[in-house]
Amino acid sequence: MLAVVGAGVIGLSTAVCIAESIPSCAVTVLAEHFTPDTTSDVAAGILLPHPFPDTFDHLLSICNSTDAAEAGVFLLSGWQVFQETPSTKDPYWSTVVLGFHMMTDAELQRFPKYKFGQSFTTIKCECSKYLLWLEKRLKNAGGQLHTEKITGFEQLTSSYDIIVNCSGLGSRDLADDQSLYPVRGQILRVHAPWLKHFIRDGNGHTYIFPGIHSVTLGGTRQKHNWEMSVDEADSSGIFERCCELEPSLKKSQVCSKLVGLRPTRNSLRLEREFFVHGNRQVPIIHNYGHGGGGISIHWGTALEATQLEMKKKVSKDSTK
């Protein structure tokens, strides 16, 4: 039996990947909070590609399937603009996204404070819908979901043969990882149904991402800030900056203000170790520390975590 600790996009995608890849493995997700009360529910959900395109390809296949509406995954076109021309005009991910091109002078006219821009189509993931879809997919694969607060791995060693730790910031205590820290993000969701294209400042601090029911405006990147309450000064700053990029937002109506803490460390932790409790030695696969890139790389790291489990299983079977 295998326990996955954490029910955000990292935990659920990892659980699904293991359950579907290893049908003989009984997978249970354990978490204190499930959607809509996870950090992933606050994420803007835009996919900004990383060097490994596993997640983009995975979500694109969902976009092209009958599951797209239920999963909340769709294509979104727009612009990334820069006040100064970047050193790399043609980034490594330009061949991963769809229709990439450098913006023309005519396209840049609507952004008078910006000198350079990139136009492309990427993928938007409505995280609350996507998490529910992953839960359904896990159940269809025989997995289970249990609400339980895990305060120590010793809670699990008597009932599970392997533990997959996808607890995000919870790993500071659970795995005693003091290198993990929060980067506070605050967003607004507004009613602006006339907006159909995303706009992102190249510095990453200001963005406008239209979704199915609302438009996400962001944001903040405040390192080592644990504050979960909404800061009205941050809200005002976000709204003003986004209105500079898209003046029509001044007529929009704010629907909600949300805060999430991105689980960040110098590098993602994706490895296997052993936890000893009494006479039990239980393998633990750690998969956390994705920072603000969880949506962009979640399926790739789920595949890697699954490979770590399969290697353990192959090694165990070869000793029989």
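In the predicted model, the 320 residues of the protein give a radius of gyration of 21 Å, which agrees with the value near 20 Å that a compact globule of this length would have. Taken along the principal axes, the C-alpha atoms fill a box of roughly 70 × 40 × 35 Å. The secondary structure comprises 8 helices and 14 strands, and buried residues account for 53% of the 320 residues. Among the contacts with a separation of 6 or more, 74% are made between residues 24 or more positions apart.

Helix H5, which covers residues 127–140, has 14 residues and spans 20 Å from its first C-alpha to its last, close to the 20 Å expected at 1.5 Å a residue. Its buried residues are Cys-127, Tyr-130, Leu-131, Trp-133, Leu-134, Glu-135 and Leu-138, and just after the helix Gly-142 adopts a positive phi of about 95°. Helix H7, formed by residues 232–245, likewise has 14 residues, and its reach of 20 Å between the first and last C-alpha is close to the 20 Å expected at 1.5 Å a residue. In H7 the buried positions are Asp-234, Ser-235, Gly-237, Ile-238, Cys-242, Cys-243 and Leu-245. At the start of H7, the backbone nitrogen of Ala-233 is approached to within 2.8 Å by a side-chain oxygen of Asp-231.

The aromatic side chains form 10 aromatic pairs. One of these joins Trp-93 and Phe-100 in an edge-to-face arrangement, with 5.7 Å from centre to centre and 90° between the planes. Trp-93 has a relative accessibility of 11% and therefore counts as buried, and Phe-100 is also buried, with a relative accessible area of 18%. In the pair made by Tyr-207 and Phe-209, the ring centres are 4.9 Å apart and the planes stand at 15°, so this pair is stacked. Both Tyr-207 and Phe-209 are buried.

When neighbours within four places in sequence are left aside, the residues in contact with Asn-287 include Ile-10, Thr-14, Asn-165, Cys-166, Leu-268, Arg-269 and Leu-270, together with Thr-301, Ala-302 and Ala-305.

Gly-300 lies in helix H8, which runs over residues 294–318, and with a relative accessibility of 12% Gly-300 counts as buried. Although Gly-300 and Ile-10 are 290 residues apart along the chain, their C-alpha atoms are separated by 10.0 Å. Apart from neighbours within four places in sequence, Gly-300 is in contact with Asp-54 and Thr-55.

An unreviewed UniProt entry places the feature "binding site" at Thr-39 and Ser-40. Thr-39 is found in the loop between strand E2 (27–31) and helix H2 (54–63), and Ser-40 also lies in the loop between E2 and H2. With a relative accessibility of 43%, Thr-39 counts as partly exposed, whereas Ser-40, at 12%, counts as buried. Beyond its neighbours within four places in sequence, Ser-40 is in contact with Gly-8, Val-9, Cys-127 and Leu-131, and of these Cys-127 and Leu-131 are among the buried residues of H5. A polar atom of the side chain of Ser-40 lies 2.9 Å from the backbone nitrogen of Val-9.

Key
Residues are numbered from 1 along each chain as its sequence is written. This is a predicted model: local features need pLDDT of at least 70, side-chain atom pairs count only at pLDDT 80 or more; totals for chains, interfaces and linings use all residues. Side-chain values use heavy atoms; hydrogens and water are left out. Helices (H or I, at least four residues) and strands (E, at least two) are DSSP runs, numbered from the N terminus. The expected span of a helix is 1.5 Å times one less than its number of residues. Buried means under 20% relative accessible area, exposed over 50%, partly exposed in between (1.4 Å probe, protein chains only). A polar contact is a pair of N or O atoms within 3.5 Å; within protein, one must be able to donate a hydrogen and the other to accept it, and residues adjacent in sequence count only if both atoms are side-chain atoms. Rings of Phe, Tyr and Trp (its six-membered ring) pair if their centres lie within 6.5 Å; planes under 30 degrees apart count as stacked, over 60 as edge-to-face and the rest as tilted. Contact means heavy atoms within 4.5 Å. UniProt positions are given in the numbering used here, feature names are shortened, and annotations may be inferred rather than shown by experiment. The radius of gyration is taken over C-alpha atoms; the globule rule is 2.2 Å times the number of residues to the power 0.38.
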